[in-house]
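Have the sequence and the 3D view ready.

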Amino acid sequence: MTQIAADTDRAPGARHDDRPPPTACLVLTDGQIFYGEGFGATGQAVAELCFNTAMTGYQEIMTDPSYAGQIVTFTFPHIGNVGVNPEDDETAEPVAAGMVVKWRPTAPSNWRSAESLSAWLARRGRIGIGGLDTRRLTRAIRLQGAPHVAIAHDPSGNFDIAALRTSARAFRGLTGMDLAKDVTCAQSYRWDEMRWAWPAGYTRREGPARRVVAVDYGAKRNILRCLASAGCDVTVLPASATAEEVLAHDPEGLFLSNGPGDPAATGAYAVPMIREVLDQSDIPIFGICLGHQMLALALGARTIKMNHGHHGANHPVKELATGKVEITSMNHGFTVDSQTLPAGVIETHVSLFDGSNCGIAMADRPVFSVQHHPEASPGPQDSFYLFERFVASMAARQSGA
(Lines give C-alpha, C1' and ligand atoms only; values in the text may rest on other atoms or scores of the structure.)
Protein backbone atom coordinates (compact mmCIF):
# COMPACT_ATOMS: atom_id res chain seq x y z
CA MET A 1 0.00 0.00 0.00
CA THR A 2 1.44 3.36 -1.00
CA GLN A 3 1.56 5.83 1.82
CA ILE A 4 0.56 9.38 0.99
CA ALA A 5 1.27 12.19 3.40
CA ALA A 6 2.19 15.85 3.17
CA ASP A 7 2.38 18.86 5.41
CA THR A 8 2.54 21.80 3.06
CA ASP A 9 0.06 23.87 1.10
CA ARG A 10 1.42 22.52 -2.18
CA ALA A 11 -1.40 21.50 -4.50
CA PRO A 12 -1.94 17.73 -4.26
CA GLY A 13 -1.56 17.33 -8.03
CA ALA A 14 1.94 18.86 -8.00
CA ARG A 15 3.82 15.63 -7.36
CA HIS A 16 7.37 14.65 -8.33
CA ASP A 17 7.06 10.84 -8.15
CA ASP A 18 4.81 8.06 -9.36
CA ARG A 19 2.46 8.04 -6.35
CA PRO A 20 -1.22 8.34 -7.27
CA PRO A 21 -2.83 11.72 -6.63
CA PRO A 22 -4.58 11.95 -3.25
CA THR A 23 -8.34 11.71 -3.02
CA ALA A 24 -8.67 12.78 0.64
CA CYS A 25 -6.96 15.08 3.09
CA LEU A 26 -6.86 15.88 6.79
CA VAL A 27 -6.20 19.51 7.71
CA LEU A 28 -5.09 20.55 11.21
CA THR A 29 -5.49 24.04 12.59
CA ASP A 30 -1.72 24.39 13.09
CA GLY A 31 -1.12 24.16 9.34
CA GLN A 32 -0.29 20.47 9.01
CA ILE A 33 -1.93 18.70 6.07
CA PHE A 34 -2.07 14.94 5.56
CA TYR A 35 -3.00 13.67 2.10
CA GLY A 36 -4.25 10.17 1.52
CA GLU A 37 -6.70 7.88 -0.21
CA GLY A 38 -10.36 8.45 0.55
CA PHE A 39 -12.93 5.74 1.12
CA GLY A 40 -16.47 5.67 2.43
CA ALA A 41 -18.56 8.80 1.91
CA THR A 42 -17.45 11.85 -0.03
CA GLY A 43 -17.67 15.39 1.31
CA GLN A 44 -16.09 16.98 4.36
CA ALA A 45 -16.51 17.17 8.13
CA VAL A 46 -14.95 18.98 11.09
CA ALA A 47 -14.35 17.46 14.51
CA GLU A 48 -11.84 16.85 17.28
CA LEU A 49 -9.19 14.29 16.37
CA CYS A 50 -8.34 11.46 18.77
CA PHE A 51 -6.50 8.16 18.45
CA ASN A 52 -7.55 4.67 19.52
CA THR A 53 -5.04 1.88 20.20
CA ALA A 54 -7.47 -1.07 20.12
CA MET A 55 -6.55 -3.95 17.83
CA THR A 56 -10.17 -5.05 17.37
CA GLY A 57 -13.62 -3.53 17.26
CA TYR A 58 -13.41 -0.73 14.70
CA GLN A 59 -17.12 -1.11 13.93
CA GLU A 60 -18.07 -0.92 17.60
CA ILE A 61 -15.83 2.15 17.99
CA MET A 62 -17.37 3.95 15.02
CA THR A 63 -20.89 3.29 16.36
CA ASP A 64 -20.08 4.15 20.00
CA PRO A 65 -22.09 7.31 20.85
CA SER A 66 -19.22 8.47 23.05
CA TYR A 67 -17.34 9.41 19.84
CA ALA A 68 -19.82 12.12 18.80
CA GLY A 69 -17.89 15.16 17.61
CA GLN A 70 -14.68 13.18 17.02
CA ILE A 71 -12.68 11.67 14.17
CA VAL A 72 -10.82 8.51 15.18
CA THR A 73 -7.25 7.72 14.19
CA PHE A 74 -6.67 3.97 14.49
CA THR A 75 -3.10 3.13 15.48
CA PHE A 76 -3.56 -0.55 14.53
CA PRO A 77 -3.00 -0.79 10.76
CA HIS A 78 -5.36 -3.65 9.84
CA ILE A 79 -8.69 -1.84 9.89
CA GLY A 80 -11.54 -3.22 7.78
CA ASN A 81 -10.11 -6.69 7.26
CA VAL A 82 -13.10 -8.48 8.84
CA GLY A 83 -15.75 -6.25 7.27
CA VAL A 84 -18.86 -5.21 9.18
CA ASN A 85 -22.11 -6.88 10.20
CA PRO A 86 -25.35 -5.65 11.82
CA GLU A 87 -24.76 -7.59 15.06
CA ASP A 88 -21.70 -5.54 16.01
CA ASP A 89 -23.29 -2.08 15.86
CA GLU A 90 -23.35 -0.36 19.25
CA THR A 91 -26.11 1.98 18.08
CA ALA A 92 -28.23 2.30 14.95
CA GLU A 93 -25.83 4.54 13.01
CA PRO A 94 -22.12 5.44 13.12
CA VAL A 95 -21.55 8.37 15.45
CA ALA A 96 -17.86 9.19 14.96
CA ALA A 97 -17.48 11.84 12.26
CA GLY A 98 -14.80 9.94 10.35
CA MET A 99 -11.85 7.58 10.55
CA VAL A 100 -8.14 7.76 9.77
CA VAL A 101 -6.12 4.60 9.05
CA LYS A 102 -2.64 3.70 7.90
CA TRP A 103 -3.72 1.40 5.09
CA ARG A 104 -6.85 1.69 2.98
CA PRO A 105 -9.17 -1.20 3.97
CA THR A 106 -8.85 -4.29 1.80
CA ALA A 107 -11.62 -6.72 0.87
CA PRO A 108 -13.01 -8.33 4.07
CA SER A 109 -12.28 -11.93 4.96
CA ASN A 110 -14.48 -13.20 7.78
CA TRP A 111 -17.45 -15.55 7.95
CA ARG A 112 -19.53 -12.94 9.84
CA SER A 113 -18.91 -10.14 7.34
CA ALA A 114 -22.03 -8.79 5.64
CA GLU A 115 -20.49 -5.72 3.99
CA SER A 116 -17.14 -4.04 3.42
CA LEU A 117 -16.12 -1.22 5.73
CA SER A 118 -15.85 1.25 2.85
CA ALA A 119 -19.34 0.47 1.52
CA TRP A 120 -20.77 0.64 5.04
CA LEU A 121 -19.20 4.04 5.67
CA ALA A 122 -20.40 5.36 2.31
CA ARG A 123 -23.94 4.22 2.99
CA ARG A 124 -23.85 5.76 6.46
CA GLY A 125 -22.33 9.10 5.38
CA ARG A 126 -18.96 8.78 7.12
CA ILE A 127 -15.59 9.68 5.60
CA GLY A 128 -12.50 7.50 5.77
CA ILE A 129 -8.92 8.34 4.80
CA GLY A 130 -6.07 5.86 4.45
CA GLY A 131 -2.43 5.96 3.47
CA LEU A 132 -1.42 8.32 6.28
CA ASP A 133 1.50 8.17 8.66
CA THR A 134 -0.65 7.42 11.71
CA ARG A 135 2.40 7.16 13.98
CA ARG A 136 3.34 10.73 13.19
CA LEU A 137 -0.26 11.85 13.60
CA THR A 138 -0.58 10.07 16.94
CA ARG A 139 2.62 11.67 18.22
CA ALA A 140 1.26 15.06 17.26
CA ILE A 141 -1.94 14.40 19.22
CA ARG A 142 -0.02 13.23 22.28
CA LEU A 143 2.32 16.21 22.27
CA GLN A 144 -0.08 18.98 21.30
CA GLY A 145 -3.40 17.68 22.61
CA ALA A 146 -6.44 16.58 20.61
CA PRO A 147 -6.55 19.04 17.68
CA HIS A 148 -9.51 20.36 15.73
CA VAL A 149 -9.41 19.11 12.16
CA ALA A 150 -11.24 19.08 8.85
CA ILE A 151 -11.43 15.89 6.81
CA ALA A 152 -12.35 15.87 3.12
CA HIS A 153 -12.86 13.15 0.50
CA ASP A 154 -13.11 14.09 -3.17
CA PRO A 155 -12.35 11.43 -5.82
CA SER A 156 -11.21 14.19 -8.18
CA GLY A 157 -8.66 15.42 -5.65
CA ASN A 158 -9.80 19.03 -5.57
CA PHE A 159 -9.37 20.53 -2.11
CA ASP A 160 -9.72 24.11 -0.89
CA ILE A 161 -7.11 23.85 1.85
CA ALA A 162 -7.59 27.41 3.09
CA ALA A 163 -11.35 26.86 3.48
CA LEU A 164 -10.81 23.53 5.22
CA ARG A 165 -8.36 25.12 7.66
CA THR A 166 -10.83 27.91 8.35
CA SER A 167 -13.55 25.35 9.04
CA ALA A 168 -11.28 23.45 11.42
CA ARG A 169 -10.39 26.65 13.29
CA ALA A 170 -14.07 27.57 13.54
CA PHE A 171 -14.94 24.28 15.23
CA ARG A 172 -15.88 25.17 18.80
CA GLY A 173 -14.48 22.00 20.37
CA LEU A 174 -15.99 19.63 22.90
CA THR A 175 -15.52 21.84 25.94
CA GLY A 176 -18.91 23.21 26.90
CA MET A 177 -20.76 20.97 24.44
CA ASP A 178 -23.71 18.89 25.62
CA LEU A 179 -23.71 16.08 23.06
CA ALA A 180 -25.71 13.61 25.13
CA LYS A 181 -28.91 15.30 23.99
CA ASP A 182 -27.96 14.49 20.38
CA VAL A 183 -27.36 10.75 20.88
CA THR A 184 -29.85 9.80 23.60
CA CYS A 185 -33.03 7.86 22.85
CA ALA A 186 -36.15 9.83 21.93
CA GLN A 187 -38.42 7.87 24.28
CA SER A 188 -38.21 5.14 26.90
CA TYR A 189 -38.01 1.45 26.00
CA ARG A 190 -37.39 -1.96 27.57
CA TRP A 191 -34.23 -4.01 26.98
CA ASP A 192 -33.88 -7.77 27.53
CA GLU A 193 -31.27 -8.88 24.97
CA MET A 194 -28.22 -10.54 26.55
CA ARG A 195 -24.57 -10.80 25.52
CA TRP A 196 -23.57 -12.65 22.37
CA ALA A 197 -22.60 -16.26 22.97
CA TRP A 198 -21.73 -19.14 20.69
CA PRO A 199 -23.61 -20.79 19.07
CA ALA A 200 -26.95 -19.06 19.74
CA GLY A 201 -25.74 -15.46 19.30
CA TYR A 202 -27.93 -12.95 21.12
CA THR A 203 -30.67 -14.41 23.31
CA ARG A 204 -33.40 -12.89 25.46
CA ARG A 205 -33.36 -12.81 29.24
CA GLU A 206 -36.11 -14.84 30.88
CA GLY A 207 -37.37 -15.25 34.42
CA PRO A 208 -37.21 -12.96 37.47
CA ALA A 209 -34.85 -10.01 37.32
CA ARG A 210 -33.90 -6.84 39.16
CA ARG A 211 -35.75 -3.74 37.97
CA VAL A 212 -33.20 -1.24 36.71
CA VAL A 213 -33.69 2.17 35.13
CA ALA A 214 -30.83 3.03 32.75
CA VAL A 215 -30.43 6.69 31.85
CA ASP A 216 -29.19 6.93 28.27
CA TYR A 217 -26.50 9.59 27.79
CA GLY A 218 -25.32 7.65 24.72
CA ALA A 219 -25.56 4.06 25.88
CA LYS A 220 -23.78 1.27 24.05
CA ARG A 221 -25.94 -1.75 23.31
CA ASN A 222 -23.41 -4.08 24.89
CA ILE A 223 -23.68 -2.26 28.21
CA LEU A 224 -27.42 -2.89 28.19
CA ARG A 225 -26.75 -6.52 27.21
CA CYS A 226 -24.38 -6.88 30.15
CA LEU A 227 -27.02 -5.56 32.52
CA ALA A 228 -29.53 -8.06 31.14
CA SER A 229 -27.01 -10.92 31.35
CA ALA A 230 -26.27 -10.02 34.96
CA GLY A 231 -29.98 -10.40 35.79
CA CYS A 232 -31.52 -6.98 35.22
CA ASP A 233 -34.91 -6.06 33.76
CA VAL A 234 -33.84 -2.81 32.07
CA THR A 235 -35.98 0.22 31.29
CA VAL A 236 -34.06 2.85 29.33
CA LEU A 237 -34.95 6.54 29.76
CA PRO A 238 -33.70 9.58 27.81
CA ALA A 239 -30.86 11.71 29.17
CA SER A 240 -33.31 14.44 30.18
CA ALA A 241 -35.27 12.13 32.51
CA THR A 242 -36.22 13.70 35.84
CA ALA A 243 -35.98 12.08 39.24
CA GLU A 244 -39.76 11.82 39.29
CA GLU A 245 -39.71 9.92 35.99
CA VAL A 246 -36.95 7.61 37.21
CA LEU A 247 -38.62 6.79 40.52
CA ALA A 248 -42.02 6.33 38.86
CA HIS A 249 -40.71 2.98 37.55
CA ASP A 250 -40.06 1.83 41.15
CA PRO A 251 -36.52 0.72 40.26
CA GLU A 252 -34.32 -1.43 42.45
CA GLY A 253 -31.29 0.23 40.91
CA LEU A 254 -30.30 3.19 38.74
CA PHE A 255 -27.70 2.90 35.97
CA LEU A 256 -25.98 5.94 34.40
CA SER A 257 -24.62 5.24 30.91
CA ASN A 258 -21.63 6.32 28.89
CA GLY A 259 -21.88 9.22 26.46
CA PRO A 260 -20.07 12.06 24.64
CA GLY A 261 -19.27 15.71 25.23
CA ASP A 262 -18.41 17.85 28.21
CA PRO A 263 -19.78 16.37 31.46
CA ALA A 264 -20.21 19.84 32.95
CA ALA A 265 -22.60 20.75 30.11
CA THR A 266 -24.64 17.55 30.38
CA GLY A 267 -24.58 17.94 34.14
CA ALA A 268 -26.75 21.04 33.90
CA TYR A 269 -29.80 18.76 33.80
CA ALA A 270 -28.35 15.35 34.75
CA VAL A 271 -26.83 16.36 38.08
CA PRO A 272 -30.07 17.69 39.64
CA MET A 273 -31.82 14.41 38.72
CA ILE A 274 -29.10 12.30 40.33
CA ARG A 275 -29.06 14.45 43.48
CA GLU A 276 -32.84 14.13 43.84
CA VAL A 277 -32.68 10.36 43.46
CA LEU A 278 -29.94 10.24 46.10
CA ASP A 279 -32.06 12.38 48.43
CA GLN A 280 -35.35 10.55 47.88
CA SER A 281 -34.22 6.95 47.61
CA ASP A 282 -31.59 4.53 48.88
CA ILE A 283 -31.42 2.44 45.68
CA PRO A 284 -27.98 1.39 44.40
CA ILE A 285 -26.52 3.52 41.61
CA PHE A 286 -23.91 2.41 39.07
CA GLY A 287 -22.30 4.65 36.44
CA ILE A 288 -19.92 4.10 33.53
CA CYS A 289 -17.81 6.71 31.67
CA LEU A 290 -19.96 9.85 31.31
CA GLY A 291 -22.30 8.30 33.89
CA HIS A 292 -19.29 8.10 36.23
CA GLN A 293 -18.59 11.77 35.65
CA MET A 294 -22.25 12.69 36.17
CA LEU A 295 -22.26 10.89 39.51
CA ALA A 296 -19.02 12.59 40.56
CA LEU A 297 -20.45 16.01 39.73
CA ALA A 298 -23.64 15.19 41.63
CA LEU A 299 -21.58 14.26 44.68
CA GLY A 300 -19.64 17.52 44.58
CA ALA A 301 -16.50 16.80 42.54
CA ARG A 302 -15.32 18.50 39.35
CA THR A 303 -14.25 17.28 35.91
CA ILE A 304 -11.43 18.52 33.66
CA LYS A 305 -10.53 18.20 29.96
CA MET A 306 -7.62 15.84 29.29
CA ASN A 307 -4.77 16.55 26.89
CA HIS A 308 -5.60 13.68 24.53
CA GLY A 309 -7.84 11.39 26.56
CA HIS A 310 -7.86 7.62 26.90
CA HIS A 311 -9.05 5.60 23.92
CA GLY A 312 -8.16 1.93 23.63
CA ALA A 313 -8.61 -1.59 24.93
CA ASN A 314 -5.34 -2.08 26.79
CA HIS A 315 -5.51 0.39 29.68
CA PRO A 316 -4.29 -0.91 33.06
CA VAL A 317 -6.47 0.14 35.99
CA LYS A 318 -5.77 -0.62 39.65
CA GLU A 319 -8.56 -1.35 42.13
CA LEU A 320 -7.21 0.31 45.27
CA ALA A 321 -9.06 -1.84 47.82
CA THR A 322 -7.59 -5.11 46.55
CA GLY A 323 -4.50 -4.04 44.63
CA LYS A 324 -5.81 -5.98 41.63
CA VAL A 325 -4.83 -4.67 38.21
CA GLU A 326 -7.40 -4.94 35.43
CA ILE A 327 -6.78 -4.44 31.72
CA THR A 328 -9.67 -2.31 30.54
CA SER A 329 -11.32 -0.64 27.59
CA MET A 330 -11.51 3.17 27.76
CA ASN A 331 -12.94 6.03 25.77
CA HIS A 332 -13.00 9.45 27.37
CA GLY A 333 -11.57 12.92 26.89
CA PHE A 334 -12.63 14.34 30.26
CA THR A 335 -11.80 12.98 33.69
CA VAL A 336 -12.89 13.39 37.30
CA ASP A 337 -10.47 15.50 39.31
CA SER A 338 -9.78 13.21 42.27
CA GLN A 339 -8.47 16.17 44.29
CA THR A 340 -12.02 17.55 44.41
CA LEU A 341 -13.75 14.43 45.78
CA PRO A 342 -15.68 15.45 48.91
CA ALA A 343 -15.68 13.72 52.28
CA GLY A 344 -17.61 10.47 52.17
CA VAL A 345 -16.64 9.74 48.57
CA ILE A 346 -13.64 7.48 48.06
CA GLU A 347 -11.47 6.86 45.03
CA THR A 348 -11.73 3.16 44.11
CA HIS A 349 -9.76 2.82 40.85
CA VAL A 350 -6.85 4.67 39.23
CA SER A 351 -5.17 4.53 35.83
CA LEU A 352 -1.69 3.04 35.88
CA PHE A 353 -0.86 5.03 32.76
CA ASP A 354 -1.19 8.48 34.28
CA GLY A 355 -2.73 8.14 37.77
CA SER A 356 -6.03 9.71 36.72
CA ASN A 357 -9.24 8.74 38.47
CA CYS A 358 -11.03 5.65 37.19
CA GLY A 359 -13.62 4.97 39.88
CA ILE A 360 -15.44 6.35 42.93
CA ALA A 361 -17.87 5.10 45.56
CA MET A 362 -19.84 6.54 48.44
CA ALA A 363 -18.42 5.25 51.70
CA ASP A 364 -21.78 4.47 53.30
CA ARG A 365 -24.09 3.65 50.38
CA PRO A 366 -24.12 1.22 47.39
CA VAL A 367 -23.38 4.04 44.95
CA PHE A 368 -20.35 3.64 42.70
CA SER A 369 -19.04 4.28 39.20
CA VAL A 370 -16.04 3.69 36.96
CA GLN A 371 -14.43 5.58 34.13
CA HIS A 372 -13.50 2.47 32.13
CA HIS A 373 -15.87 0.19 30.20
CA PRO A 374 -16.50 -3.15 31.94
CA GLU A 375 -18.72 -4.33 29.06
CA ALA A 376 -15.50 -4.62 27.00
CA SER A 377 -16.78 -4.11 23.51
CA PRO A 378 -14.17 -4.25 22.23
CA GLY A 379 -11.63 -5.27 24.81
CA PRO A 380 -10.83 -7.52 27.79
CA GLN A 381 -13.45 -8.74 30.23
CA ASP A 382 -11.55 -8.23 33.49
CA SER A 383 -14.14 -5.78 34.87
CA PHE A 384 -17.42 -7.58 34.17
CA TYR A 385 -17.67 -8.25 37.93
CA LEU A 386 -18.88 -4.66 38.33
CA PHE A 387 -22.23 -5.57 36.78
CA GLU A 388 -22.48 -8.49 39.21
CA ARG A 389 -21.55 -6.17 42.09
CA PHE A 390 -24.39 -3.84 41.06
CA VAL A 391 -26.91 -6.72 41.06
CA ALA A 392 -25.54 -8.01 44.37
CA SER A 393 -26.06 -4.58 45.94
CA MET A 394 -29.70 -4.63 44.90
CA ALA A 395 -30.15 -8.09 46.38
CA ALA A 396 -28.47 -6.97 49.62
CA ARG A 397 -30.78 -3.97 49.86
CA GLN A 398 -33.84 -6.18 49.44
CA SER A 399 -32.67 -8.59 52.13
CA GLY A 400 -31.74 -5.77 54.50
CA ALA A 401 -28.13 -6.88 54.65
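Cys25 sits opposite Ala152 of strand E7. The two strands involved, E1 (residues 24-28) and E7, pair in the antiparallel sense through five bridges; strands count as paired if DSSP finds at least two bridges between them. Strands here (E, at least two residues) and helices (H or I, at least four) are DSSP runs, numbered from the N terminus.

Strand E7 also pairs with E3 (residues 43-52), again antiparallel, by six bridges. Here Glu48 has His148 in E7 as its bridge partner. E7, spanning residues 148-153, is mostly covered, with five of its six residues buried, that is, under 20% relative accessible area with a 1.4 Å probe and protein chains only.

A word on the basis: this is a predicted model, where local features need pLDDT of at least 70 and side-chain atom pairs count only at pLDDT 80 or more, while totals for chains, interfaces and linings use all residues. Residues are numbered from 1 along each chain as its sequence is written, and side-chain values use heavy atoms, without hydrogens and water.

Now turn to the largest pocket, which holds about 580 Å³ of space. Its lining has 28 residues, and those closest to the centre are Gly57, Glu60, Asp88, Arg112 and Ser377. Helices H1 (58-62) and H6 (221-229) are the elements that give two or more residues to this lining, and H1 gives the most, with three. A pocket is an open set of points on a 1 Å grid over the protein atoms alone, where a 1.4 Å probe fits, with protein on both sides within 12 Å along at least five of seven lines; lining residues have an atom within 4 Å of a point. The volume is the space filled by probe spheres set on those points, which are joined across faces, edges and corners.

Notes
Buried means under 20% relative accessible area, exposed over 50%, partly exposed in between (1.4 Å probe, protein chains only).
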